[in-house]
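User: I am new to this structure and would like to learn how to read its features. Please show me the model first.

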Amino acid sequence: MSRLASRGQLRASFIRWALLCIPAVVLLGLLSGAASGNGAGNPWFASLDKPALYPPPILFPIAWTVLYVLMGLALALVCNAWGARGRTAAIFAFVVQFALNLAWSPLFFAAHQITAALILIVAMGIAIVATIVLFWRVRRAAAVLLVPYLAWVCFASVLNYQILALNPQADGASSSGAAQRIAI
């Protein structure tokens, strides 16, 4: 017997990590969005002018759910890589970029800080690149799983910038969400 663990034991270890990481990442992402009142139902956001490349609103929850599942799977692959050099740094980088991810929705949708959200999403993109590099050193498949996430965040950065350009007066503006009716 020259191996420390059988293939079955390694597979079971990965499944345990996946059962922990995937739901945790999806749930935290969902809670961040729900707590910030994101999406088309947000009166402040609904009042903003949207750029021409803004996709249908239904695409956002679908895309983010898929991306969070991929992120959780990538994290599980790295967490399961016991003894791999760089594993701890890769996990730390993931936590940092994920914290930035979770902070973006409240900053943009709840605080209405479009400029600050743009700075944050650019920092998030840089952190994702660093995470991909570190994941590559531990498990290449994990790094590849984060590439769609990086692409979506780059697209979201462009949207954030264009929304700011179209709505400079809305940056930092408060909105009660109340409608005012005027009789004519």
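Analyst: Start with the lining of the largest pocket, which by class holds 22 nonpolar, nine polar and no charged residues. Ala, Val, Leu, Ile, Met, Phe, Trp, Tyr, Cys and Pro count as nonpolar, Asp, Glu, Lys and Arg as charged, and the others, including Gly, as polar. This is a predicted model, where local features need pLDDT of at least 70 and side-chain atom pairs pLDDT 80 or more, while totals for chains, interfaces and linings use all residues. Residues are numbered from 1 along each chain as its sequence is written, and side-chain values use heavy atoms, without hydrogens and water.

User: What volume does the largest pocket have?

Analyst: A pocket is an open set of points on a 1 Å grid over the protein atoms alone, where a 1.4 Å probe fits, with protein on both sides within 12 Å along at least five of seven lines; lining residues have an atom within 4 Å of a point. Points are joined across faces, edges and corners, and the volume is the space filled by probe spheres set on them. Here that volume is about 750 Å³. Of the 31 lining residues, Asn 38, Phe 60, Trp 64, Ser 105 and Phe 109 are the closest to the centre.

User: Is His 112 buried or exposed?

Analyst: Buried means under 20% relative accessible area, exposed over 50%, and partly exposed in between (1.4 Å probe, protein chains only). His 112 counts as buried because its relative accessibility is 8%.

User: What is the phi of His 112?

Analyst: Most residues other than glycine have a negative phi. His 112, not a glycine, has a positive phi of about 60 degrees.
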